[in-house]
Amino acid sequence: MKRKILSLAAATVFALSSFATNVETDRTWYLAGEAMKISVRADNALIAYAELSDANGLAAGVVVGLKGGEGEAVVELPSHLHSGYYVLSVYTRDDSQATQRLVAVVNALHKSKNDDIQWVPSDSCWVATAGTADWGNAQAEFRATKPADVREAEGHIIKARVRNHKNGYAFKASEICPSLSIVGKQIHYFEGKMVDDSTAVFYTYGIHGKQPLVLSALSSTDESLPIEMMSPFVSLLPTDLPHLVFHYKRSEVEARSIAMQRHQRQLVPAKSPSQSGTYADDAAEEVVPLDYDDTVLGTQPYLTYNLDEYRQFLTVREVLIEYVKCVTNKKTNGVPHLFVYSKQFSDDSSWPTLVLIDGMPVYDIERLLSYDARRIHYINIYGGQYTFGNGVYNGILSFVTRSGRLTNYPTEPNAQYLVYEFPE
């Protein structure tokens, strides 16, 4: 196969697209292990996604917060990167295509079988131009890999993979109800949209910083399906990259290499760029709990029970029998459900009541009824009908623990509990 060759000088001025999204880098070339500063400009978006890839996979990525259509971010280049060209792709949810440019990376400390670089000693770091026409033909292949997606002008979009097979049956998208909830004393509940039979998309808003969340998926037969968050990056892998001919000045490379190693020693170990969240045990101390607020849905609950004002019972079942008269436990298709009946609620019982504990949806009602009531601080009942995504609920029954962190209450089977950092 004929090798494509492109000069470093040409790559630094050759942007691969001229769409509304634009990206600039702070250097013409980078050492593996250096910090790459990028500046992004995008119209009508609050968040942009930047990823650095070669033909083998995603090398690094970052979410860029935008203010007034502009933002900056730092991509920490892993020290194990091979020498050669990479593609920096930047996109927002409302772009039909990604903005891409070539980035030259040089690993001066380690050789790799994937190195695609020709070292040419020189008095300066430059290369004669060659082969730009070949690279131009390849950019169409890059653009074709950008999937169509929905506009993201507010909030943040999270994707998850649902394992839709259960007991030999494959559930279709219309038979799956995915949900995302922020664990805490406030209610932040989002129902997802199934874009195909195994991929869910959640449109979140009003959430910032590191927060614990629970992802869950329920089938049309009330069975819990395994669900797991996907990387926020779409991994726009190029099918081919040009050969890097690197004319270098030895003193400059050595000085940059020493500075890069000092920078690395100062860094706190970072998580993998393809990992969008960390498990709660790894980062719980960094989470700032949200205070209790009974007006988070824009209205106060129709009924509130502060269990400090009542005689303590051992289980939630006893509390519902003794105090909360409007809640009924009954089975639908053999599965227990809690329903709220009151003048503030619709008579249409075909819509279920949304049951939450510290914001997490509850599917196993029997486990909730057996939970230690002494750990519950508030029981809030919201009247009326509520729509979350595609789901309609006849009221909300919300249990708030004293800690707001699901104390001794395990997540639902097949659900994923993790700490996720929402961009500002």
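Reply: Start with rings. Rings of Phe, Tyr and Trp (its six-membered ring) pair if their centres lie within 6.5 Å; planes under 30 degrees apart count as stacked, over 60 as edge-to-face and the rest as tilted. By this rule the structure has 13 aromatic pairs. One of them is Phe246 with Tyr248, stacked at 6.2 Å centre to centre with 10° between the planes. This is a predicted model: local features need pLDDT of at least 70, side-chain atom pairs count only at pLDDT 80 or more, and totals for chains, interfaces and linings use all residues. Residues are numbered from 1 along each chain as its sequence is written, and side-chain values use heavy atoms, with hydrogens and water left out.

Me: Why is the pair of Tyr371 and Tyr409 edge-to-face?

Reply: A pair of aromatic rings is described by the distance of the centres and the angle of the planes. Here the centres of Tyr371 and Tyr409 are 5.0 Å apart and the planes stand at 80°, so the pair is edge-to-face. The two residues are 38 apart and link distant parts of the chain. Both Tyr371 and Tyr409 are buried (under 20% relative accessible area, with exposed over 50% and partly exposed in between; 1.4 Å probe, protein chains only).

Me: Which residues form one aromatic cluster with Phe246 and Tyr248?

Reply: Trp29 and Trp119. A charge sits over a ring if NZ of Lys or CZ of Arg is within 6 Å of the ring centre and within 35 degrees of the ring normal. Arg256 does this over Trp29, 3.9 Å from the ring centre. Lys330 does it over Phe339, at 4.8 Å.

Me: Next, strands. Which strands pair with β18?

Reply: Strands (E, at least two residues) and helices (H or I, at least four) are DSSP runs, numbered from the N terminus. Two strands pair if DSSP finds at least two bridges between them. Seven bridges join β14 to β18, antiparallel. β30 also pairs with β18 in the antiparallel sense, over seven bridges. For bridge partners, take Leu180 with Leu215, and Gln211 opposite Tyr420.

Me: What takes a positive phi in the hairpin of β18 and β19?

Reply: Asp222, near 65°; four residues lie between the strands.
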